[in-house]
Amino acid sequence: MDELDQRLITLLRRNGRRGVSDLALELGVSRATVRARIERLEQAGEIVGYTVILRADAVSAPVRGITLIEVEGRAKDRVVAALTGFAEVTAIHTTSGKWDLVAELGTDSLTALDGVLTRLRLIAGIAASETHLLLATPRSSRAGLGPLAQR
């Protein structure tokens, strides 16, 4: 992937529906070049899809946080399965270091977040956890959600 591909992907991350002509103009290349690059990136599996993010999805959970989770022994799969059942868990990541998992959370209030954390601590296999509130999102690769999430 060269510098032009990276610039193209950056523009598509901000707006996946942007027209080929508009992309070509901003990148300073022909429409055929943009089309060919997008097709090549899709075929190579670098671009795996496009999505729509609704404003409601971006702001419906104004209280957001990340929970760092230490898992006992070999309970990772069981803990991940339990976390998947939480509507408030928007993403789960495995990681290295002291913490085994990172769960992204979103709720409509601090009281609701407290309830989620109470339920989370009851999951068998969780040895320890630490939660941090997300205060602002100056940058996100999820379709430019930074400014939307702050509204």
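This is a predicted model: local features need pLDDT of at least 70, side-chain atom pairs count only at pLDDT 80 or more; totals for chains, interfaces and linings use all residues.
The protein chain has 151 residues, of which 30% count as buried. Its secondary structure comes to seven helices and four strands. The mean pLDDT of the chain is 87.

**Confidence and overall fold**

- A pLDDT of 70 or more is reached by 85% of the residues of the protein chain.
- Residues 146–151 have a pLDDT below 50. In the model this stretch still has 15 contacts beyond near neighbours in sequence.
- Along the sequence, the elements of the protein chain follow the pattern α-α-α-α-β-α-β-β-α-β-α.
- Among contacts in the protein chain with a separation of 6 or more, 62% are between residues 24 or more positions apart.

- Helix α2 (residues 20–27) packs against helix α3 (residues 31–43) at an angle of about 105 degrees, and the two axes are 8 Å apart. The two helices are therefore roughly perpendicular, since angles of 65 to 115 degrees are counted that way.
- On the α2 side the contact is made by Val20, Ser21, Leu23, Ala24 and Leu27, and on the α3 side by Arg31, Val34, Arg35 and Ile38. By type, the residues of this contact are six nonpolar, one polar and two charged.
- Helix α1 (residues 3–14) also packs with α3, at an angle of about 85 degrees and with the axes 11 Å apart. This pair is therefore roughly perpendicular as well.
- Leu4, Asp5, Leu8, Ile9 and Leu12 of α1 meet Thr33, Val34, Arg37, Ile38, Arg40 and Leu41 of α3. The residues of the α1 contact with α3 divide into seven nonpolar, one polar and three charged.
- Val34 and Ile38 of α3 take part in the contact with α2 and in the contact with α1.

**Nonpolar cores**

- In soluble globular proteins, nonpolar side chains tend to be buried together.
- The largest nonpolar core in this model has 17 residues, and those with the most contacts inside it are Ile69, Val79, Leu83 and Leu105.
- At least two residues of this core come from each of β1 (63–71), α5 (76–84), β3 (101–107) and α6 (110–121). Helix α6 gives the largest share, four residues.
- Another core, of 12 residues, lies apart from the largest one and includes Leu8, Leu12, Leu27 and Ile38. Leu8, Leu12 and Ile38 also belong to the α1 contact with α3, while Leu27 and Ile38 belong to the α2 contact with α3.
- Beyond its neighbours within four places in sequence, Leu105 is in contact with Val63, Arg64, Gly65, Thr67, Glu88, Val89, Thr90, Leu113, Val116 and Leu117.

- Leu113 lies in helix α6. Leu113 is buried because its relative accessible area is 4%, and the cut-off for buried is under 20%.
- The C-alpha atoms of Leu113 and Glu88 are 8.4 Å apart, although the two residues are 25 apart in sequence.
- Ala112 is also placed in helix α6. Its relative accessible area is 26%, so Ala112 counts as partly exposed.
- Ala112 and Val63 are 49 residues apart along the chain, and their C-alpha atoms are separated by 8.9 Å.

Note on methods
Residues are numbered from 1 along each chain as its sequence is written. Side-chain values use heavy atoms; hydrogens and water are left out. A nonpolar core is a set of buried Ala, Val, Leu, Ile, Met, Phe, Trp, Tyr and Cys residues joined through side-chain atoms within 4.5 Å. Buried means under 20% relative accessible area, exposed over 50%, partly exposed in between (1.4 Å probe, protein chains only). Contact means heavy atoms within 4.5 Å. Axes are lines fitted to C-alpha atoms, for helices over the stretch in contact, and angles run from 0 to 180 degrees between N-to-C directions. Angles under 35 degrees count as roughly parallel, over 145 as roughly antiparallel, 65 to 115 as roughly perpendicular and the rest as oblique. Ala, Val, Leu, Ile, Met, Phe, Trp, Tyr, Cys and Pro count as nonpolar, Asp, Glu, Lys and Arg as charged, and the others, Gly among them, as polar. pLDDT is the predictor's confidence in each residue, from 0 to 100.
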